[in-house]
Amino acid sequence: MNTGKVTGVISNLIFIEAHGAVTQNEICLIHSENKQLMAEVIRVTGTQVSAQLFETSMTIKMGSLVDFTGRMLEVELGPGILSKKYDGLQNDLTKMSGLFIEIGQTTPPLDSDVYYNFTPLIQPGETVHAGDWLGSVKENWIDHKIMVPFVLKGAYTVVSVVKKGDYLINDVMAVLTSEKDEKIEVTMVQKWPVKRAINAFQQKIRPHKILQTGLRVIDTLNPMAEGGTGYIPGPFGTGKTVLQQAIAKNSKADVLIVVACGERANEVVEIFTEFPKLTDPDTGRTLDDKTTIICNTSNMPVAAREASVYVGMTLAEYYRAMGLKVLILADSTSRWAQALREMSNRMEELPGPDAFPVELPATIANFYSRAGITQLNNGAWGSVTFIGTVSPAGGNFKEPVTESTSKVARCFYALSQKRADAKRYPAIDPIASYSKYLDYPEFVENTDTSLQKGWVALVKKCKDLIRNGLEARDQISILGDDAVPVEYHVVFWKSEMIDFALIQQDSFDDVDMNNSLERQRYMFNKLMDIGDMEFTFTEFEEVATFFKQLINILKQMNYAPFDSAQFKKHKKELDKALLHNGEKMVTQL
Amino acid sequence: MGFKRIYTKISNITKATCTLKAEGARFGELAKVNGMPAQVISVMGEDVTLQVFSGTEGISSHSDVIFTGSPPILKVSDLLAGRFLNGYGEPIDGGPELRGETRAIKGNAVNPVKRSKPSTLLATGIAGIDLNNTLVTGQKIPFFADPDQPYNQVLAEVAMRAEADKIILGGMGLSNDDYLFFKNTFSKAGVLNKIVCFINTSENPPLERLLIPDMACTAAEYFANDQKQKVLVLLTDMTLYADALAIVANKMDQIPSKDSMPGSLYSDLASIYEKSVQFAHGGSITIIAVTTLNEGDITHAIPDNTGYITEGQLFLKQDADIGKVIIDPFRSLSRLKQNVIGKKTREDHPQVMNALVRLYADAMDAKTKKENGFDLNEYDKRCLAFAKDYSRKLLAVDVNIPIDQMLDTGWQLLQTYFKKFEVGIKENIMDHYWDDEKTVNA
């Protein structure tokens, strides 16, 4: 192993004089007070090495010994990842001793003493490649595939595979030989460098299937696709985190990876406390069963923020290779970008816009491109859907992180300060936001059969209805209530109805927080039918009164379980209001 | 330690830093330059750069430099109670030297899995807070206020009313008048035995401010964790703290990011605010801070980064219609209120709170309409009348009533000014609390 010694410290940037060869992004260990502190090589100039320390540097002395490990930052992949709470470097936080995180404390990411029941999926003599399934174990309720290690290149022949039974993760499950007759022993555990994508699949195709998040403004108006990408920018206080947690709780994904990157510790605590109690609406198991949390909160080491998003993405790719639908949420990618900026600044690199490093757009693009829906070697499908939040400085979307992200993410959920101030939650701006998947022919075709014929056209019509409503509102506020035709008020109030009954959703109400696609389809048609109706009012004041009543009934419907007696009661009220208010305001269908 | 080497050759002096050749220095270590406290902010081979807290006036290239071998420390014990200290944790009240366990300030982060979910109500009696922006122990929240607003008075008021075992004041760049105001308020209230103050006034060197929040949080951690107490930390004014950060970054030739602030501003502020915590054993640290704004501009890097870190923010606003300072219901937010409202408080709390704010928004729209010279309709007029009453009875900072009474007042306002279908409250709550007989606009 190569070594070196510390020659300088500026905050978490460490300067090392190296003896021997050093690789860029290699992990080195700095000896300090009987501990070994992890750092990543980020620049090599002759024998001078700069490394970013994943800890605070207060204890490091000049001249301290440094070991270069020769490996990049890696994660351990194997059964036992689900339900874990990791820090940004995949240390299991639950296994740590003490109330406070001691400097240099590390814990193993997997449990070496837990038995998993292994079922072989392959016979000796078969030919396999990286990522092929050798067998399966039960991890919580998920079929966790034991795969041919991703690092192996070329074809291998299965020499032996163990019988069905209980094994530890480090037991040898299968023996393979390469074409050159090298013998490889495969356990349940393998390692992978986080900054490289796992590419053990046949092909990556264009996303086409809707991923249900349970949120109307997303699923109905700006749908996310399986294997798709999206981002949520918004000023503070507009509900980014609440929105992301709502998506986490309600989405139809097999595996959920939550990366809390440089955000508030209390928010992670909320996930820790709630997820074990919450039922996954899809499977009836607890949400915790299918979730891994990677948590590097804002007071934890800054350099590990970058690591945390890559660790999360690598775990997601690992589960995708098992043919699972994985959703990864990162809150917030801006904190990661800021960590890059802090380091770039300390290294005295020439800065790009707003002092961010110039390679920021490329770094972000590269990361988002790791999502996607893939066909595995055996023909099965798996997907990684990625949604990141962005915290734009000053709430201004014209800043480097938001701009770089907008170029790569296909869905845009813009949170608006104005909506948040008016407590119209989720504060997703219905006009500014978009889902590019609505323009994918594959997606249109898929919704035609899975939801209803002409679904996407109806969605676009609804967006026009909202747009017209906003224009009418502007006219009304410029010219005055009675200076515009009454029809303007009708147009405006139709869009208000869409706003209150569709876009707004109470994420703290047990019923309203999560809508099935079926329910959304029903209500959306109902609303669009009303949108098509022509009303005749004589006074503009009647319009507001009438629609407020409609909105009130529609909201009560949203609060009632779908198709319950209560729901039906409100539906009758709605029909009645639509018919009978016509005495004075003639209703025509 | 015994013998400590004295260095007498300083190679470089800027307004805030000096550099010398020295051996064995560590990043973050405290040193004395001519007896003045300084901290190591960079070590490059033998070149050690020190940030001199009091500024470098009077330092010569031959001044004495001694390294203490440890980062800044505070001596923690129950003897802290009732004391007034400076940024170095030294008494400024003429009392005896502190004794107790020596602790490095800026301690390690609490393991997130060992935290508890903050869910104990912290009542203040101010309806603009308790009703609309309910606080919880273990929370961190700043007041966003313009310099002309009475933020320190409101902060003191909140501190006096909130139920806390210890109140720790971190004053950064406090005017001497405000320092005396806090001192008088605490002594008049007879709570001197449960306060600890770390004070840097505007007369003290600005860089000394950098130590104040960490000192306050270290003391808070002692009482909250070692003594399992409910601790309230008051930090005012964090804008002046951030300004001091900018000075150091500038002197170190760092490339500034937005608004001349260092690129690490977010992490620097987060390391302080994240000290707020709810421990499983019952102890807690709640941080209420003040961030002064420039003409209400929250897009400036300091309030902006703060907003992303803290769990909400409280805006003060002068309401000209009632001539009082109110807590702005639109811009203010307590993120942790969801943990208690309707659970630790009455079930109708969330719905009443939202209905009132939504209708207040309608009133503001009506106001804009009126100002633009348009005729108001009947609904607009009701909204405006409601807004005035709401502001006076619930939003004003001088309101001091229990939460149930705030809710009752809310219902009374709704019934006075609105029709049943206009309030948009869930049916089961309406059935229980809406009294048709009291409805004015049936």
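Q: Before the interface, what counts as a contact between two residues here?
A: Two residues are in contact if their C-beta atoms, placed from the backbone, lie within 7 Å. The model is a predicted one.

Q: With that in hand, how many residues of chain B are in contact with chain A?
A: On the chain B side there are 58 residues, and they are in contact with 61 residues of chain A.

Q: Which elements of chain B supply at least two residues each to that side?
A: Strand β5 (36-44) does, as do the helices α6 (265-273), α7 (301-309) and α8 (349-371) of chain B.

Q: And what is the make-up by class?
A: The side of chain B that touches chain A has 24 nonpolar residues, 20 polar ones and 14 charged ones.

Q: Which strand of chain A is joined to β5(B), and in what sense do they run?
A: Strand β1 (residues 3-10) of chain A is joined to β5(B) by two bridges, and the two run antiparallel. Within this pairing, A:Gly8 has B:Met44 as its bridge partner in β5(B).

Q: What does UniProt say about that end of chain A?
A: An unreviewed UniProt entry annotates residues 6-70 of chain A as "domain: ATPase F1/V1/A1 complex alpha/beta subunit N-terminal". In the model this span is 65% strand and 0% helix, and its end C-alpha atoms lie 18 Å apart.

Q: Where does the record put the nucleotide-binding feature?
A: The unreviewed UniProt entry places "domain: ATPase F1/V1/A1 complex alpha/beta subunit nucleotide-binding" at residues 214-435 of chain A. That span is 36% helix and 19% strand, with 16 Å between its end C-alpha atoms.

Q: Stepping back, how many helices and strands are in chain A?
A: Chain A contains 14 helices and 28 strands. Its C-alpha trace spans about 90 × 55 × 45 Å along the principal axes, and 53% of its 589 residues count as buried.

Q: How does the radius of gyration of chain A stand against that of a compact globule?
A: The two agree, because a compact globule of 589 residues would have a radius of gyration near 25 Å and chain A has 27 Å.

Q: Where do the domains of chain B fall?
A: The domain assignment gives domain 1 (6-67), domain 2 (73-339) and domain 3 (349-438). The centres of domain 1 and domain 3 of chain B, taken over C-alpha atoms, are separated by 61 Å.

Q: Now β18 of chain B: why is it described as largely enclosed?
A: Nine of the nine residues of strand β18 (residues 284-292) of chain B are buried, so the strand is largely enclosed by the rest of the structure. Both of its faces are covered, with B:Ile288 among the buried residues on one side and B:Ile287 among those on the other.

Q: Which strands pair with β18(B) in the parallel sense?
A: Strand β13 (residues 140-145) of chain B pairs with it over six bridges, and B:Pro142 stands opposite B:Ala289. Strand β16 (residues 230-236) of chain B also pairs with β18(B), over seven bridges, and B:Leu232 stands opposite B:Thr286.

Q: And which strand runs antiparallel to β18(B)?
A: Strand β17 (residues 277-278) of chain B does, joined to β18(B) by two bridges; B:Val277 has B:Ile285 as its bridge partner. Five residues lie between the strands of this hairpin, where B:Gly282 takes a positive phi near 105 degrees.

Q: What about B:Asn34, and where is its place?
A: B:Asn34 is in the loop between β4 (30-33) and β5 of chain B. Although not a glycine, B:Asn34 has a positive phi of about 55 degrees. B:Asn34 counts as partly exposed because it has 17 C-beta neighbours inside 10 Å.

Definitions and conventions
Residues numbered from 1 in each chain as written. Chains lettered and ligands numbered in written order. Predicted model: local features only at pLDDT ≥ 70, side-chain atom pairs only at ≥ 80, totals over all residues. Helix = DSSP H or I, 4+ residues; strand = E, 2+ residues; numbered from the N terminus. Nonpolar A, V, L, I, M, F, W, Y, C, P; charged D, E, K, R; others polar. Pairing = 2+ DSSP bridges. UniProt positions renumbered as here; feature names shortened; annotations may be inferred. Rg over C-alpha atoms; globule rule 2.2 N^0.38 Å. Buried ≥ 20, exposed ≤ 12 C-beta atoms within 10 Å, placed from the backbone. Domains from an automatic or database assignment.
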